[in-house]
Amino acid sequence: MGRATGPRRTAAIVGIGHTDWSGDWTRVRNGDVPADSTGYAALAFREALADAGLGRDDVDGLICGPTTALERMGELLNINPSWGDQGDAIGAVMKAVQAVEAGLVDVVALVYGNNQRSAGTQYGGPKAMGGGSFLSYVYHAPWGLTSQGALYALMFQRYQHVYGFTEADLGEVAVAQRAFADLNENAIMQGRPITIDDYLEAPYVCEPLHLYDYCLVNDGGVALIVAEAERARQISEHPVYIEAMGRSDLNTNATSLEPRLTDFYHPAQHRVAEKVFAEASVGPEDIDVLQVYDSFSVHIPLALEGYGYCKVGEAGRFFQEQGIGPGGALPTNTGGGHLSETYMQGWNHQVESVRQLRGQAGARQVEDCRYVHYSSDVAGKVASIIYAR
Amino acid sequence: MSDERSFPDRVLGFYDVPMWQHLEEGAFKLQRCEACGAFRYPPGPVCHDCLSPESQWTEVGGGGEILSHATFHKGYLPGYETPYSVVAVRLDEGPIVVSNIEGAEPADDWIGRRVSLVLVPRGDAYVLPRFQLA
């Protein structure tokens, strides 16, 4: 039995917290190790509780990210929840909403910590992170193909060929997000704006992708508090509701890169767009802020086209004529994203979504922000949430 | 003198082993579904099209077309000095294989170029299916 149509609004985010991303960036680069993954998560949890005005005992559900063990996290925070689970950023929010809707919990803490920089986590080579979950990350190593960036380089090379997109078009993403980061006191890359020329002159890592197409790798933590809608209104003056959510996975020949090289994830994005826009009773034209999981800049043009913000093949023109940076028609990754704010594997995008909808985004605030769309499409597993006030 | 440590590790799952043995013996064979005729890659337990478990290891014709390519300027793996390139080749039989170009690389446009299979030993470690421009 499906649920009735119309906005979901069964649960809302009532608390956000995170660690000092830029301070820890500097400390780690200076050789200090401020915490491990559980430590960053615990610090973020304290911040999120304080932001919500709640005590630890108000929490009856616990979800942690993929980088910490659920039991140890619960032990450290001393939470014995009615329900617990683990997930990546969008999965964690979707699971929290489902648990609330199932009547299992009222107030869920979602905690994430990652010491990937200080611990030297590898995203390419023989010990590439994620190989256990995605065979394509490791299968082609005998032919020299490794690193998630290289998979996006292959994808973007063909995308350029098919649609006449250029490296300078792609550079608009890194430049726009760096401009947003400059307006964000939490962003690691605040105060370091770049131009298209800087972008094009930066070295290739895996050609055709340049250095600035790659996300940061840094330490930190994020926590969110999700509450059932009625409780949310009691807890918070400005709950941020989960208006709609949906997911579509492309698995056919995924190891041999078929979903990346033939349709650029678009079929799954079309399906998710149809679902979430209908559920939220809005269209792309109603979205005030777009947030896209940006391990690489390539995700942004693909998402714009796949979700119908522009026609397929026209993202380059959209960047030039409409704009995705400060003052643009579609402000995208307004905190700076993974490229320039912090690489919290999608968790920082949830924080930024809440700040924009609360009107707490300072110099980068998008005026009268009512709807934020978050999309993640890692390895063609496409999922979206639409947030609203 | 070279051994497997001079080159990147293979993923040797349960179904991969015969493919590498056939390469050692001088043939690039993939599983061909006995029920519907579809070729599959990487090797696996059932046909992705019809779920039949019956298959025959069948030599591929060796022809294909370059779908995409990328050039590594940062190195991560033994046996690969930067810069070097990888290609994604659509075999005439259907599957996409990630590989490398042996010999001359295309001067300008890579995508859409026809290629043909060559088997290249990597020291004493294993034999790789690679491609040259047709």
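**Sheet architecture and the A–B interface**

In chain A, nine strands make up an open sheet of mixed pairing, arranged in the order β3-β2-β4-β7-β1-β8-β11-β10-β9. The edge positions are taken by β3 (83-86) and β9 (289-292) of chain A; each has a single partner strand, so one side of each lacks a neighbour in the sheet. From one strand to the next, the twist averages 25°. The model is a predicted one, and the values reported here were computed from it.

Within this sheet, strand β8 (residues 240-249) of chain A runs antiparallel to strand β11 (residues 381-388) of chain A, and eight bridges join the two. In this pairing, A383(A) of β11(A) is the residue opposite R247(A). Helix α2 (residues 37-52) of chain A packs on the sheet, where it touches β1 (11-18), β4 (107-114) and β7 (220-228) of chain A. The direction of helix α2 of chain A makes about 125° with that of β1(A).

The contact between the two chains involves 31 residues of chain A and 34 residues of chain B. About 2,900 Å² is buried between chain B and chain A, and carbon and sulfur atoms account for 66% of this area. Y76(B), V98(B) and I111(B) contribute 20% of the area that chain B buries against chain A, more than any other three residues.

Polar contacts between chain B and chain A comprise 15 residue pairs, counted with both residues at pLDDT 80 or more. On the side of chain B that touches chain A, at least two residues come from each of α1 (17-24), β4 (63-72), β5 (84-91), β6 (96-99) and β8 (126-133) of chain B. Strand β4(B) provides the largest share, six residues. By residue class, this side of chain B consists of 22 nonpolar, seven polar and five charged residues.

One salt bridge is found across the interface of chain B and chain A. This salt bridge links R90(B) to E258(A), with the closest N and O atoms 2.8 Å apart. Strand pairing also extends from one chain to the other: strand β5 (residues 204-207) of chain A pairs with β4(B) in the antiparallel sense over two bridges. In β4(B), T71(B) is the bridge partner of E207(A).

Over all chains, the structure contains 19 salt bridges. One of them lies within chain A, where the side chains of R72(A) and E75(A) meet at an N to O distance of 3.1 Å. About one helical turn separates R72(A) from E75(A), because the two are three residues apart in helix α3 (residues 70-77) of chain A.

Several backbone features were also noted. Most residues other than glycine have a negative phi, and most peptide bonds are trans. The peptide bond from E207(A) to P208(A) is cis, with omega near 20°. P208(A) belongs to the loop between β5 and β6 (209-210) of chain A, while E207(A) is the residue bridged to T71(B) in β4(B). In chain B, T82(B) and P83(B) are joined by a cis peptide bond with omega of about -5°; P83(B) is located in the loop between β4 and β5 of chain B. R9(A), although not a glycine, has a positive phi of about 50°. R9(A) is placed in the segment before β1 of chain A.

Technical notes: Residues numbered from 1 in each chain as written. Chains lettered and ligands numbered in written order. Predicted model: local features only at pLDDT ≥ 70, side-chain atom pairs only at ≥ 80, totals over all residues. Heavy atoms only, no water. Contact = heavy atoms within 4.5 Å. Buried area = accessible area lost by both parts, 1.4 Å probe. Salt bridge = Lys/Arg side-chain N within 4 Å of Asp/Glu carboxyl O. Polar contact = N/O pair within 3.5 Å; in protein donor to acceptor, adjacent residues only side chain to side chain. Helix = DSSP H or I, 4+ residues; strand = E, 2+ residues; numbered from the N terminus. Nonpolar A, V, L, I, M, F, W, Y, C, P; charged D, E, K, R; others polar. Pairing = 2+ DSSP bridges. Axes fitted to C-alpha atoms, helices over the stretch in contact; angles between N-to-C directions.
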